[in-house]
Amino acid sequence: MKPRHAIYIFFLLGCSLFAAIPQLSIGDRGEAYYKAKRENMVATQIDQRGVRGTRKGVTDERVLDAMRRVLRHEFVREVDKPRAYADHPLPIGYDQTISQPYIVAFMTELLNPKKEHKVLEIGTGSGYQAAVLAELVDHVYTIEIIEKLGQKAKKRLEGLGYKNLTVKIGDGYYGWEKHAPFDAIIVTAAADHIPPPLVRQLKPGGIMCIPVGGRFQVQSLMLVQKKADGSVVTKQIMHVRFVPLTGKR
């Protein structure tokens, strides 16, 4: 047999063997890829236990598991999917962003969510924060003032199978009196003050997490706790940067 013929035969045999190996579908390969990305996100960006300067690592295992389960790449634009699990915010249109994974996990942990809790979110955005909370509590009520953004988030969350989420289009400053009081309230846009309607709708013993400050100011992530007697205690947690809370107020 001539060398050239031998090379050609080996080439054909190799192609046949490759074709005989079971191939994963594109969807399967994609999910395996994104699952690995989520695991890396939790290990390197969220569960840090304070190894990155003075930044506190998230330690609540329920929160970490929720971050592993929620498909963050489904909440960003197609062009941003390769960067979905990087530790920074991403644009979602309408001058809004999806918060960085660490901040989502950290604020979720601050709320100390329980399985029986009812939570109000102000600023649905992409729906990602609501999805993380829905993995942890009985029901999430979320309000978005930008109609098109809210409708897209509602459709996305329904498509992903979340049954314990209710989305409303409206001004979140006034909360959602119909479903109050809430065990916890999370605000994902910066207000220049803590809205009194939200404080009123917080259950005694409840917690609210809200960034406070203007667009061009240093914002503070505030923890608001309502005691059993109705008195309120606030605590500054860290400096943050959020898009501003919009609405008539």
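Modeller: Start with Q201: leaving aside neighbours within four places in sequence, Q201 is in contact (heavy atoms within 4.5 Å) with L120, Y174, G175, W176, E177, A180, P181, F182 and I185. This is a predicted model, where local features need pLDDT of at least 70, side-chain atom pairs count only at pLDDT 80 or more, and totals for chains, interfaces and linings use all residues. Residues are numbered from 1 along each chain as its sequence is written, and side-chain values use heavy atoms, with hydrogens and water left out.

Colleague: Where is Q201 placed?

Modeller: Q201 is in the loop between α7 (196-200) and β7 (202-212). Helices (H or I, at least four residues) and strands (E, at least two) are DSSP runs, numbered from the N terminus.

Colleague: Is Q201 buried or exposed?

Modeller: Q201 counts as buried, at 3% relative accessibility. Buried is under 20% relative accessible area, exposed over 50%, partly exposed in between, with a 1.4 Å probe and protein chains only.

Colleague: Next, M41. Which helix is M41 in?

Modeller: M41 is in α2 (residues 26-46), and M41 is buried, with a relative accessible area of 0%.

Colleague: What is M41 in contact with, leaving aside neighbours within four places in sequence?

Modeller: With I46, M67, R72, Y85, P101 and Y128. P101 is 60 residues from M41 along the chain, and their C-alpha atoms are separated by 7.8 Å.

Colleague: On to α6. Which residues of α6 are buried?

Modeller: L149, G150, A153 and L157 are buried in α6. They cover an arc of only 95° around the axis, so they are on the same side of α6. The arc is that of the directions from the helix axis to the C-beta atoms.

Colleague: And which are exposed on the other side of α6?

Modeller: E147, K148, K155 and G159.

Colleague: What covers the buried residues of α6?

Modeller: The cover includes β1 (90-93), β2 (96-98), α5 (128-134), β4 (139-144) and β5 (165-169).

Colleague: What comes after α6?

Modeller: G161 follows α6, and the phi of G161 is positive, near 90°.

Colleague: Last topic, the largest pocket. Which strand gives the largest share of the lining?

Modeller: Strand β9 (residues 232-240), with three residues. The lining includes P89, T97, M238, H239, V240 and R241. A pocket here is an open set of points on a 1 Å grid over the protein atoms alone, where a 1.4 Å probe fits, with protein on both sides within 12 Å along at least five of seven lines; lining residues have an atom within 4 Å of a point.
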